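Open the model in your viewer and keep the selection tool at hand. The tour goes from one selection to the next and says what is found at each stop.

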Amino acid sequence: MALNRVVVTGYGALTPLGNTANDFWHGLVNGVSGANDITYFDPAKFKTRFACELKNFDPTQYFDKKELRKLDPFVLYGLVSANEAVKHSKLQFDKLNKDRCGVIWGSGIGGVDTLTSEVYDFVTGDGTPRFSPYLITKMIIDIVAGQIAIKYDFKGINYATVAACASSAVAIIDAYHNIQLGKADVIIAGGSEAPINPVGVGGFNSITALSTRNDDFVTASRPFDKDRDGFVIGEGAGALILESYDHAIKRKATIYAEIVGSGISCDASHITAPDPEGNGAFKAMQSALNDAKIKADEIDYINAHGTSTPLGDIAELYAIKKLFKDNQRLAISSTKSMTGHLLGAAGAVEAIASIMSIQHSCMPATINHFTDDPAIEELNLNIIYNKAKKRKTNLAMTNAFGFGGHNTSIIFKKI
């Protein structure tokens, strides 16, 4: 059967670099670090005392106090980014078939902030169960998709995707497939995460996943650097408006990129560590290339998963080297060096970075690179360090991987 082409007609981003997609992009091209001391709780006794929090985000600018009582931060973030994406797309709601409009949304851990607070109040109280009537509907991961659908009266496909730090990338891939197959005309796809709380930071500290560079937190996220010591936890959301090409053309929408390929695989190796040779990552990227029917040497830019962990970074680069070989035309960078790791929201936010690199003919850098890693240098890959590179980008790939061995890869094309 003939598959529909799928295009991106809008996007919205709420990140530690800024509260809009344009602010996010400005931070990326200027090499801004989003890291700062944790302000949401007292981290004095934690191994890691810094994170990439949102800056100057005031939820009362978007919601009244009555609404705020009913929404976990990860839901707030999702609604804000989706609202920006919808406005950016200039969707004409009176002309949409709402039965063919949907929402697919990803998150790795959902409303952990709400759950932490409610459980703490219970165990420190007198044992009387005084749980909020909004507890369940604030914390469950699918609630963002439901809330967005209610806001826009979208009555089509609606569900959540959970694949750890690949969650929102899977949401985009699922939306892409559903529109390809003609099951929807428009889908809002993305993800959100709000993990900067005692449980989120303490949990990742306990498995030594986080950087502990407390005395130099601004440069702590160091993907591909010899002295990388873990990721910097971040928060935020990213939303994309995906449409069938025909639907977008009919309404004369601005098209920012086309999704031409995707791939998903599993390492089936370890619950937290990647396959050491990057075999799962290789298969996801290879599958995306096959889906797009393009050759490896046609890709201009890869927005790498690149979390700044000792094992993860090198495994991904092994996979890239194996697939792309000595293609020096290919440029690679990790924007997590600036945003930190937004966990389940990372895939969507980095998809937007990839789309904007196509739109603006500019590839963001991997900042905080100080010392070459001999094992990485041996691979002879073209990694963009410390300063963004102005260059035309026709095809951009973005990778997102997650605990459990989940691997995803998406290819965007200039149109």
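How much space lies in the largest pocket? About 500 Å³ lies there. A pocket here is an open set of points on a 1 Å grid over the protein atoms alone, where a 1.4 Å probe fits, with protein on both sides within 12 Å along at least five of seven lines. The volume is the space filled by probe spheres set on the points, and points are joined across faces, edges and corners.

Before selecting anything, note that this is a predicted model, in which local features need pLDDT of at least 70 and side-chain atom pairs count only at pLDDT 80 or more, while totals for chains, interfaces and linings use all residues. Residues are numbered from 1 along each chain as its sequence is written, and side-chain values use heavy atoms, with hydrogens and water left out.

**Stop 1: the largest pocket**

Select Thr272, Ala273, Pro274, Thr309 and Phe403, which are the closest to the centre of the largest pocket among its 29 lining residues. A lining residue has an atom within 4 Å of a point. Helix 11 gives the most, with five residues. Helices (H or I, at least four residues) and strands (E, at least two) are DSSP runs, numbered from the N terminus.

Colour the lining by class: eleven residues are nonpolar, 15 polar and three charged. Ala, Val, Leu, Ile, Met, Phe, Trp, Tyr, Cys and Pro count as nonpolar, Asp, Glu, Lys and Arg as charged, and the others, Gly among them, as polar.

**Stop 2: the second largest pocket**

The second largest pocket holds about 250 Å³ of space. Of its 15 lining residues, select Tyr176, Gln180, Glu258, Val260 and Asp291, the closest to its centre. Helix 7 (167-180), strand 8 (257-266) and helix 10 (279-292) each supply at least two residues of the lining. Strand 8 has the largest share, three residues. By class, this lining has eight nonpolar, two polar and five charged residues.

**Stop 3: the sheet**

Switch to a cartoon view. Ten strands form an open sheet of mixed pairing, in the order 5-4-6-7-1-8-14-13-9-10. Two strands pair if DSSP finds at least two bridges between them. Strands of a sheet pair through backbone hydrogen bonds, either parallel or antiparallel.

Which strands stand at the edges? Strand 5 (158-161) and strand 10 (331-333) do; each has a single partner strand, so one side of each is left without a neighbour in the sheet. On average, neighbouring strands are turned by 25° against each other, direction ignored.

**Stop 4**

Select strand 4 (101-106). Six of its six residues are buried, where buried means under 20% relative accessible area, exposed over 50%, and partly exposed in between (1.4 Å probe, protein chains only). Cys101, Val103 and Trp105 are on one side, and Gly102, Ile104 and Gly106 are on the other.

Strand 4 runs parallel to strand 6, joined by six bridges. With strand 5, strand 4 pairs in the parallel sense over four bridges. Centre the view on Val103: Ile188 stands opposite in strand 6, and Asn158 stands opposite in strand 5.

Next, show helix 3 (residues 73-89), which lies across strand 1 (6-14), strand 4, strand 6 (186-193) and strand 7 (236-244) and runs at about 130° to strand 1. Angles run from 0 to 180 degrees between N-to-C directions, with axes as lines fitted to C-alpha atoms, for helices over the stretch in contact. Contact means heavy atoms within 4.5 Å.

**Stop 5**

Select strand 13, where eight of eight residues are buried. Leu395, Met397, Asn399 and Phe401 point one way, and Ala396, Thr398, Ala400 and Gly402 the other way.

Strand 13 pairs with strand 14 in the antiparallel sense over eight bridges, and Ala396 stands opposite Phe412. The two strands form a hairpin with three residues between them, and Gly404 in the turn has a positive phi of about 100°. Strand 9 (residues 301-303) pairs with strand 13 in the parallel sense over three bridges. Here Tyr301 has Ala396 as its bridge partner, and Ile302 stands opposite Met397.
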